[in-house]
Every structure is written in C-alpha cells, then in structure tokens.
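Please look over the model below before reading on. My comments follow it.

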Amino acid sequence: MDRLLVTGGARLSGSIPISGAKNSALKLMAASLLAPGESVLSNVPHILDCRLMGEVLEHLGAGVAWNGSSVSIDATTLASEEAPYELVRQMRASIVVLGPLLARRGRAQVAMPGGDAIGSRPIDLHVRGLQKMGAEIHSEHGFLLATAPELRGAAITLDYPSVGATENLLMAAVAARGTTVIDNAAREPEITDLAAFLTQMGARIGGAGTSTLEIDGVDSFAPAGHTVVADRIETGTWAMAAVATRGDVELLGGRQDHLEIPLTKLADAGAAIEVTDGGLRIRQEDRPRAVDFVTLPYPGLATDFQPILMSTLATAAGTSIATENVFESRFLYVDELRRMGADIRTEGHHAVIRGVDRLSAAPVRALDIRAGAAMVIAALCAEGVTEISDMHHVDRGYEDFEAKLAALGATAVREHAGSVFP
Ligand code: UD1
C-alpha cells in the first residue's frame, strides 16, 4: 500500500493542466459498447478507474487500445454480457455497462457493487427504470441478471436525480423502440458530455443538461470520436487546495461554468477568482474565512467536494457548518482530520467545523478518493510531515497527482512498499 509523505507549509503557486473528467470518461467508455466498430475517446485521464473500465470492456469482448490520453474501443464483436465481481468490486461505476449491454445484446449480467466507504449505494433506480423499459431483472448469487429481447420507450420519473441511474437509463433508452422521457434526471455536466457522445453515435436526445430528457430510440449506432470534458471535481480540488494554502494557481482548462456554487463559496472564503485565457486563476491572500455549505445534486455543490472543502475550512477563521445531503456516511474520514488537530464535530448529516490556527502532521489514511484529497490539503496546512496511507484511493481519481503537487511547489514523496521514490 503506497503512502504519501507531505510536508506542510507550502503556498501552492503556479499553473497545472486539468485532466479529462473521470466520471465522464468511464461512462463514455461504456457507451462505446453500443456501436459496432471503433470509437476513439481523447482526454481520458490516466487513472486506475479508467484502466479498470478498459478491463471490463475487454472482458465483454471489446478491443481496448490506449495511446497516451486517447483510448480506442473496438466493439465490433462482443463475446460476453458479464461484468464480473472481481472488477465491479474494484470500481462500482462498472454498473453503467448494464444499460448499453441490454441495448446491444438484450442481456446483461453485472455483479452487484456492494457498499463502500461513503455509505449505502443502492441501484434500485437503475433497476426500476430499466424494468419500465421492459427489461426483466432479478438478482442471483450476487449478480444482477437482466434480459430484454426488446427495450420499449417509457415515461420514467426518478425518485432522486441519480447520476448513475440517469446514465444507465439514457444508454438503454437511445436504443429502445419509441420515446423515453426521464423526469427528475441528473443534470451534471458529465451527463451532457455523455449525451453529446451518444448523439454523435446517432442517438436522438433532447434536454441534456436539464431535468427532463426526451429520447427517441434509434435502430443502430455508428462509432464516433469524442473529447472528454474537463474534470470539474479535479478543478475544484486544486482551487480549494489553493485557498487552504493561501496560494495562487492557474488551472488550465478548468471551467468556471461547471463550478458556479463551489467558486462562490471560495469567493466567500476570501478567494479572488479570475477566468483567464487558459482557464481559471484562484488566489487567496489571507487566512480563509469560514463558510457554510450544503451538498446537493448539480448545479448544487457536489458531494465529492464535501471532504475537500471541509479540510480547507479546518484552518479557516471562524466556524463553518457543512450539511451532507447525498451520501449518508460521508463523514467517516473526519476522524482522520481530527488526528491532525481539526476541530470538527458531526451530528447526523451536519458537521460543525471550528477553524484552528494550525493542523499538526500525523499518520492518517485516505479512506476514499475525495477523502484522500482532503487529507493532502490538510497535510499541506499542517506543521510537519504527514504520512497518508492507502494512496491507491487517490490514484483512482486524480491523474498525475504528485506531479501536479510538485509543479505547484509542494513537497510530497511517495513511499512504495519497501522503498522511497521522490
Ligand atoms: C456519481 C459519481 C460520484 C458522485 C455522485 C453524486 C461516478 C462514477 N460517480 O455516483 O463521484 O459522488 O455521482 O454526484 O460518476 N441512489 C439511490 N438509488 C439508486 C441510485 C442512487 O437511492 O438507484 C442514491 C444514492 O444512494 C445516493 C444518491 O442517490 O444517496 C446519489 O447517487 P448517484 O447520483 O447515483 O451517484 P453515483 O452515480 O453512484
């Protein structure tokens, strides 16, 4: 298990490129299953989750070839409809092959993902929506078995604007007979990106980016090329790190229009935010001020930012209140921040963060991707060298993480089992 040794005290400064969005790339890769032939995605981040999705597609019989930040997916022939537990348990987003497999093959067998460190993550909305489209679905031996000789258009109202359910249903509906309307759909920019790719493949989709998607099913799809949208969560992570460390960073390719509420919160904390020719510049002169925030589906502040903003506010002047509305157990990492001297009290889905003057380095764990990023931000604000274990979680979601830290002037050394690499 890799550890990262982060020396506290640096004010991040400089410019770094923002990678393609993990949460878009994974779904675009799954969508390429719809078209026989070779689709090419560019600006795909080099991270473990994208590799794992490549393995899922290969397991299904697609040819997957990486070339720098591009991946070609040849889905001319598929040999299997099964996404095995061994892969799904490592990356729960594998569940999004369910919709495209049903659409292309009329059958899918996908391992049920199980829980993870941020709470219970049911897939009932995916299942109910597909059933409305005529799929028969049951679970057996830890697998979801779905069959649909023919998918039919349906009117579906989601109980909650789930990102994954919207994506799975969208990828099934594009091939269903007739029109599907998905109401209370998720509006995340990654859904808009997916809809754009599907449209290039021949799909007919109205309302992408709104809460009502209207999809007219088509009979066939052609492979297409697409560039993955910039990662708004990565952009926000580095922006928050800049604020926490009173830094000055330019995030090349970062999109202000996908981050309105998070950036408003950073402005409230005292940051100067500027849209530059290349992206976004974030500057923080003084100690950040406390701000309250709540997590909500897009365009609300993403739940992924909750740990990251919370560690930013751990050293702010004043008391902040955070409310987590999306995932029930997303405060588990708070105990790790407390080990570094953070004064955070949680009560149900609320947290009270009393800003302290300094954090102090301690051995801590990265509990998941975003909690891991939060630990790194805390470490940058701590006195001493913080040792963060379980860094593989961070590797799942952030491309070139240490290289970007180094480019911004931080000292972070990765320690592999048995040896230390600078
Ligand atoms: C995606 C993102 C994740 C982000 C989340 C919310 C990917 C790979 N992951 O996850 O980083 O934190 O969106 O922005 O894109 N729910 C149900 N039933 C369902 C599906 C979801 O009750 O069938 C609930 C979940 O328990 C959770 C909420 O809906 O409370 C949000 O989940 P969802 O939007 O589906 O998140 P994911 O797509 O899993």
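The points below cover the domains, their interface and the nonpolar cores.

1. Basis. This is a predicted model: local features need pLDDT of at least 70, side-chain atom pairs count only at pLDDT 80 or more, and totals for chains, interfaces and linings use all residues. Residues are numbered from 1 along each chain as its sequence is written, and side-chain values use heavy atoms, with hydrogens and water left out.

2. Domains. The chain is assigned domain 1 (3-19 + 230-421) and domain 2 (22-227). These bounds come from an automatic or database domain assignment. The domain centres, taken over C-alpha atoms, are 30 Å apart. Domain 1 gives 24 residues to the contact and domain 2 gives 21; contact means heavy atoms within 4.5 Å.

3. Interface area. About 1900 Å² is buried between domain 1 and domain 2, with 55% from carbon and sulfur atoms. Buried area is the accessible area (1.4 Å probe) that two parts lose on being put together, summed over both.

4. Salt bridges. Domain 1 and domain 2 share two salt bridges (a side-chain nitrogen of Lys or Arg within 4 Å of a carboxyl oxygen of Asp or Glu). Glutamate 190 and arginine 232 form a salt bridge at 2.8 Å, N to O.

5. Cores. The largest nonpolar core has 78 residues; Met53, Leu57, Val97 and Leu198 touch the most other members. Such a core is a set of buried Ala, Val, Leu, Ile, Met, Phe, Trp, Tyr and Cys residues joined through side-chain atoms within 4.5 Å. Buried means under 20% relative accessible area (1.4 Å probe, protein chains only). Apart from this core lies another of 70 residues, including Ala239 and Val291.

Definitions and conventions: Buried means under 20% relative accessible area, exposed over 50%, partly exposed in between (1.4 Å probe, protein chains only).
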